[in-house]
Amino acid sequence: MSGGDFLNLLKKDGYGFGTPAASPYPMDPNGKTGLTSATTILAFKYKDGIMIAGDRRATAGTTVMHDRADKVIDIDRYAVMAIAGVPATAFEMARVLSHTFKYYRRSQLQDLSLEGKVRALSRLLKENAPMALQGVGAVAPIFAVYDPLIKEGRIYFYDILGAEFEVVEFATTGSGSPGIRGALHHHNKWSDTPANEAGEEEAIVLAMRLLETAAEFDVATSGVKKADNIFPTIKTIDKEGVHTVPLDRLNALYREKVSPNDV
Amino acid sequence: MFEEPYRWVEAVSNRREYLDEQLKAGSPVLALPCREGIFLLSASSGTQKVYEIYDRIAMGAIGHPADVERLRNVILDMAHVEGFNRSPSDVTARRLIQFGLAPMVKTAFEEIAHAPFIIRLLIAELGPADAPVLYTLNYDGVFKEEHRALLLAPNEEAAERSAAIMKTLSKKADRPMAELFEEAFKAWGLAECEANKLEAHLKETLKERRIEAVLLSSAIPGPSKYHELSKDEIADLTQSWSAD
């Protein structure tokens, strides 16, 4: 019996997560991996729960590889992981995490606790540390989850070694994040409606404006491409669970409130 | 002792009698294709009888709780490793039964020096295009595929008592679950008692035992299509029996 531990079950089956590989990139003696975490993801609390959003661009160095990547991923009905970092590792982490939660629930006949879920992602990052330090697999995710006990959304961010930090209001990561971190702080401190008092529509507009701001100053973050119908991925988590904001709603709000003068 | 073929056949036959005797007190499990998908119904006094196995697959069982648990863990592991390594759509009831459980259960049944699995189980799956797929697996490893209403009964007499209603229910797969619930509950109850005691038995079941009612439905949001009905939902469905 695996005691509800899906990662151990996979390992018994021969699966190796975070196994160090012979890397062509030597470790930087200063501890820098040289990796770009080229993206922008953010999560903040709004009136009904959590808003979590990410741009769609995937890059390799200065090359745009893909402009329709989904970096905000449903893990279960009440949890979402947004990824910044190496896509191969990040998507694999999301898959392991999703199976970990459902395997635990089905085998142990109860949901994994919120603390257990938060630690499960931390464990994956720790197991991936050798890869991250070799410069080939660093991931710095945001994990957002609805807590049924306190009936409130909670937001965590992680460093590439697995340290977890719970935030009070918002988290941003990725190469475009420094700019919008300041913008969001400014918004919460001095605007009439801080993010945690905003309704859903206001919060969606705020998330899109922040991502547009990040795209303005960070080439690795994509802005909206109306002609190609490319909009950010935006999800909400409330007491009903995870909801994905549909494309037509994003399109309408973008035209009306994010970039009304843009023809 | 078992080196002579006759002795082995006799031992297997004795084992069959032993297993039938062990299973006869089991509480039945009903699986019913309906408009929403598949409805599963049972009642338990302690150990759970209906389980979520994978996104579109559920299991119901009669038998020794420890054996149910062992086999449940086997298919849970199989399903999740397969779903992760390949795809959730590669996890099917047929593969779990045919290549996982059935050979294992048959081997245990025929190795007469060891204990067999005291079990009879049912696997329900929302198959391709949401078509209901049901499998039964007996303690000897024999499995059968069905696509209509099915009752996992503790013995033949119990199955016979419910047969008429089950036949009617099989023709109503296009109706919503709420409309079929009363008949389904009666079919389940008849597998536990004689017709003249049915009303009293169902009322007592509602008072004394936990009703397990599960809906496998593609209308449920998210990848998992398994929904266990809450106490309130069950209370709504059983109002007519609970009134007095």
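Analyst: Contact means heavy atoms within 4.5 Å. In chain A, residues 24 or more positions apart account for 66% of the contacts with a separation of 6 or more. This is a predicted model, in which local features need pLDDT of at least 70 and side-chain atom pairs count only at pLDDT 80 or more, while totals for chains, interfaces and linings use all residues. Residues are numbered from 1 along each chain as its sequence is written, and chains are lettered from A in the order in which they are written.

User: What is the radius of gyration of chain A, and why is chain A called as compact as a globular protein of that length?

Analyst: The radius is taken over C-alpha atoms, and the globule rule is 2.2 Å times the number of residues to the power 0.38. For chain A the radius is 18 Å, close to the 18 Å that the rule gives for 263 residues, so chain A is as compact as a globular protein of that length. Its C-alpha trace spans about 55 × 45 × 35 Å along the principal axes.

User: How many residues of chain A are in contact with chain B, and how is the size of an interface expressed?

Analyst: The size is often given as the accessible area lost when the parts come together. Here that loss is computed with a 1.4 Å probe and summed over both parts. In this model, 17 residues of chain A touch 16 residues of chain B, and the two chains bury about 1,500 Å² between them, 56% of it on carbon and sulfur atoms. His99(A), Arg106(A) and Leu109(A) supply 38% of the area that chain A buries against chain B, more than any other three residues.

Terms used. Heavy atoms only, no water.
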